[in-house]
Amino acid sequence: MVISSTQNPRIKTIRALSQRKKRQETGLFFAEGIRLAGEAVQTGADIVALVVAPELLRSDFGRDVVDRAVADDVEILNVSADVFQTLSMKDGPRGIGAVVRQKWTALDDAGVGRDDSTVNDSLGWVILEDVGSPGNLGSVLRTCDAAGASGVILLGDTADPYDPEAVRGSMGAVFSQQVMRTSLEGLVQWKQRIDIPMIGTSDAAPIHYRKADYAPPVLLCLGGEQHGLSDELMDACDIVVQIPMAGRADSLNLAVAAGVMLYEVLGRVRGVG
């Protein structure tokens, strides 16, 4: 059966997942595209349904994704091209997307300290405070995955990691990275229990980022695009470092700053820092 009505109740529910309120109410999100649907299937994400428009799905890899989902007993929701267009946020949609259950990790499930082998294999976590751009958040997730970090911890009024723009920007890393949300108080208490250093970044810090001592795993704190780290979070850090600016710009893009810092930590691990 192929759903051809844009007013079908399930289609209306999936379409509404573009709204943060509906994502919060349902605990679901929609990941559109061959790569994202493929990552969802390959990483064993909790897929509620794979939405497929046979008329639009011309990719052999995309068809393989559908076959694997069928083998995993994932529901396949076949829709017409017109219906899929109403779900898509892309020019030239490829005819596949996944309705996925959000996965939030509790702080106490993320690791217990330096003696935990699951922590020692990681560079640590990136803490994001009041980050407004879903695209930036998605790019940070992608950078964490590339560098070998475990994920992100969200503080304050930070964007939704399951926003379509964040999911797209993560290039599928949202399925493999840990995503956590907590308060500053909860973060500080957890940090004290697991005994991991917390490193902040600020353009006013006196220490060059390459002069600091990094012994992963670390908690790397990055502030929002407008105001940087709050004074309260900066006070909770063990050290605050500066990425120097040589030109007129007074700051880096958030995801670029995360990349600079994470690869500096990675370089120390590999002995090239």
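**Figure 1. Overall view of the predicted model and its contacts.** Of the contacts in the protein with a separation of 6 or more, 81% are between residues 24 or more positions apart, where contact means heavy atoms within 4.5 Å. The model is predicted, so local features need pLDDT of at least 70 and side-chain atom pairs count only at pLDDT 80 or more, while totals for chains, interfaces and linings use all residues. Residues are numbered from 1 along each chain as its sequence is written, and side-chain values use heavy atoms, with hydrogens and water left out. The protein has eleven helices and eleven strands, which are DSSP runs numbered from the N terminus (helices H or I, at least four residues; strands E, at least two). Along the principal axes, the C-alpha atoms fill a box of roughly 65 × 40 × 35 Å.

**Figure 2. Close-up of helix H3 and the elements around it.** Helix H3 spans residues 34–42, and its buried residues are Ile34, Leu36, Ala37, Gly38, Ala40 and Val41; buried means under 20% relative accessible area, exposed over 50% and partly exposed in between, with a 1.4 Å probe and protein chains only. These buried residues pack against strands E1 (28–32), E2 (47–52) and E4 (96–101), and against helices H4 (60–71) and H8 (164–170). An α-helix has 3.6 residues a turn, so residues three or four places apart point the same way. After H3 comes Gly44, with a positive phi near 75°.

Figure 3. Ser170 lies in helix H8 and is buried, with a relative accessible area of 1%. Leaving aside residues up to four places away in sequence, Ser170 touches Gly138, Ser139, Leu141 and Arg142.

Figure 4. A search of the whole structure finds zero disulfides, a disulfide being a pair of cysteine sulfur atoms within 2.5 Å. Cys221 is in no disulfide, and its nearest cysteine sulfur, that of Cys237, is 3.9 Å away. Cys237 is likewise in no disulfide, with the sulfur of Cys221 as its nearest cysteine sulfur. Cys221 is buried at a relative accessible area of 0%, and Cys237 is buried at 11%.
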